[in-house]
Amino acid sequence: MDEVVDICRELIRIDTSNYGSDDGPGERKAAEHVAGLLEDVGIDTRIYESTPGRASVVARWGGDGTRTDALLLHGHLDVVPAAAEDWAVHPFSGEVQECQYGGLSVWGRGAVDMKDFDAMLLSVVRERQRSGRVPSRPVVLCFTADEEAGGHLGAEVLVRDHPEEFEGCTEAVGEVGGFSTTVRGQRLYLIEAAEKGMAWMRLTARGRAGHGSMINPDNAVTRIAEAVARIGAYEWPVRLTPTMRTLLGTVGAIAGTDVTPENARTLVEEFGGATRMLGAVISNTTNPTMLSAGYKVNVVPTEASAHIDGRFLPGYEDEFFRTMAELCGEDVSIDFVSNQQPWETPYDGALVDAMTRSLLAEDPDALVAPFLMSGGTDAKHFRALGMRTYGFTPLRLPDDLDFTALFHGVDERVPVDALRFGARVLDRFLDQV
Ligand SMILES: [Zn+2]
């Protein structure tokens with residue numbers, strides 16, 4: 001079973017930093033390593049390069065002809081960059097060391113996002129293939145490039161240019177979810193069933209240029225500043241989608257209270273460290289992030305601009321864009337730098353049952369509930385092919401570990417016990433899919 005630890009360390013040691021440009025090392029080396037691990041046990045693989053060095057791996061596994069509906073299991077190979085000088089251990093060393101939560105952890109960039117799951121998947125598939133425990137349902141294994149920059153050179157290209165690789169896939173399982181949090185001493189596993197949409201916007205105000213010493217009621221800088229202040233200070237109302245209503249219902253049951261829009265924020269605070277993320281998914285959000293105007297102190301410029309990072313809930317797109325237009329006012333226009341749709345999969349059916357049962361088999365006193373993620377993953381690309389998507393990368397974590405802070409964080413690490421736990425859960429899951 002320790003193959004999961006070894007593979008995780010090997011993958012961390014292959015630097016796949018994604019800078020969102022051509023500057024990084026790319027995923028080719030990692031893709032070849034993954035393909036080798038699968039080919040070793042007799043599973044055929046294909047490596048696809050979108051541009052030189054940016055590689056993804058696909059394989060088809062299992063299926064005895066009794067079922068035509070396939071299951072996609074996917075993980076990304078790239079990681080966000082890491083500045084080694086900030087870290088206690090080198091981010092690409094894959095070292096196993098003690099951590100303050102007790103026990104050994106595998107340290108390094110990608111330890112939780114998401115070479116941990118890649119390693120679980122590879123170790124479990126290899127073990128089952130070697131021992132002939134191949135699932136009767138066809139399974140597609142996919143390890144993608146470029147997830148950390150939107151998946152344009154990874155999942156998006158695969159779905160567009162090689163949809164035949166995903167033929168028959170009705171459901172997909174990838175990141176982010178399946179990890180435990182602890183609420184009032186009760187361990188709770190969160191399965192991702194929804195993601196927020198993203199609107200990166202550039203606002204532009206135009207006005208009349210002129211000398212800085214004269215009266216100018218038509219000042220573009222004043223206009224953009226007013227709009228940015230309105231947007232930054234706006235308190236978006238609480239909106240509970242079905243996913244979050246289910247999650248907060250579970251938390252409410254632990255805390256002995258019903259869920260209402262009024263107490264939703266208080267209930268979310270029960271999550272401790274995870275509140276940072278879960279607090280952002282009970283409303284739309286907008287954060288002003290960039291400002292730009294002018295070139296000399298005594299010249300009023302014609303134009304001023306700002307960038308806003310907007311995130312909106314599934315089902316609340318219209319409210320988001322209507323409110324944004326009102327907050328901007330008539331004199332400020334909006335262009336989209338990037339715009340991604342939100343999604344929400346109903347939390348029901350055989351696959352949800354299989355995830356729940358396999359978690360509870362390894363941790364019988366725990367609870368399992370769905371959650372909505374604040375960011376986006378490759379799931380959005382696979383949904384374009386009509387799949388129901390979930391995030392399920394099972395990890396049983398120490399109660400006091402601030403897990404969500406490890407994503408893209410300094411000293412990213414995953415407890416060795418949690419990796420082993422995840423591999424056992426995934427193995428049970430494959431018995432039931
Ligand atoms: Zn990730």
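**Entry 1: the largest core**

Which residues touch the most other members of the largest nonpolar core? I looked this up first, and the answer is Cys 8, Val 34, Leu 72, Met 120, Leu 121, Val 140 and Leu 419, out of 99 residues in that core. I noted what the term covers: a nonpolar core is a set of buried Ala, Val, Leu, Ile, Met, Phe, Trp, Tyr and Cys residues joined through C-beta atoms within 7 Å. I also wrote down that a residue is buried if 20 or more other C-beta atoms lie within 10 Å of its own, exposed if 12 or fewer, and partly exposed in between, with C-beta atoms placed from the backbone.

Two reminders for myself. I am reading a predicted model, where local features need pLDDT of at least 70 and side-chain atom pairs count only at pLDDT 80 or more, while totals for chains, interfaces and linings use all residues. Residue numbers start from 1 along each chain, as its sequence is written.

Back to the core: helix α12 (residues 416-432) gives it the largest share, 8 residues. Helices (H or I, at least four residues) and strands (E, at least two) are DSSP runs, numbered from the N terminus. Domain 1 (3-176 + 375-432) and domain 2 (194-340) each supply at least three residues to this core. I then found a second, separate core of 21 residues, and Met 198, Met 201, Ala 205 and Cys 328 are among them.

Not counting residues up to four places away in sequence, Met 120 touches Val 4, Leu 419, Gly 422, Ala 423 and Leu 426. Contact here means that the C-beta atoms of two residues, placed from the backbone, lie within 7 Å.

**Entry 2: two domains**

I checked how the chain is divided, and found domain 1 (3-176 + 375-432) and domain 2 (194-340). These bounds come from an automatic or database domain assignment. How far apart are the C-alpha centres of the two domains? They lie 32 Å apart. Where the domains meet, 8 residues of domain 1 are in contact with 7 residues of domain 2. The domain 1 side of that meeting has 3 nonpolar, 3 polar and 2 charged residues. In this count, Ala, Val, Leu, Ile, Met, Phe, Trp, Tyr, Cys and Pro are nonpolar, Asp, Glu, Lys and Arg are charged, and the others, Gly among them, are polar.

**Entry 3: helix α6**

Helix α6 (residues 242-255) has 14 residues and reaches 20 Å from its first C-alpha to its last, close to the 20 Å expected at 1.5 Å a residue. The expected span is 1.5 Å times one less than the number of residues. I listed its buried residues: Thr 243, Met 244, Leu 247, Leu 248, Thr 250 and Val 251. Seen down the axis of α6, they fall within an arc of 150°, so they line one face of the helix. The arc is that of the directions from the helix axis to the C-beta atoms. Their packing partners include β9 (186-195) and β17 (367-373). Just after α6, Gly 256 takes a positive phi of about 75°.

**Entry 4: helix α9**

Helix α9 (residues 317-328) has 12 residues and reaches 17 Å, close to the 16 Å expected. Which residues of α9 are buried? They are Phe 320, Met 324, Leu 327 and Cys 328. They cover an arc of only 95° around the axis, which puts them on the same side of α9. The face turned away from that buried side carries the exposed residues Asp 318, Arg 322 and Glu 326. Among the elements covering the buried residues are α5 (220-233) and β14 (303-312). Gly 329 follows α9, and its phi is positive, near 80°.

I looked at two cis peptide bonds. One runs from Asp 113 to Met 114, with omega near -10°, and Met 114 lies in the loop between β5 (104-107) and α3 (115-130). Another runs from Glu 175 to Val 176, with omega near -15°.

Asp 146 is not a glycine, although its phi is positive, about 65°. Is Asp 146 buried or exposed? Asp 146 counts as buried, because it has 28 C-beta neighbours inside 10 Å. Asp 411 also has a positive phi, of about 60°. With 18 C-beta neighbours inside 10 Å, Asp 411 counts as partly exposed.
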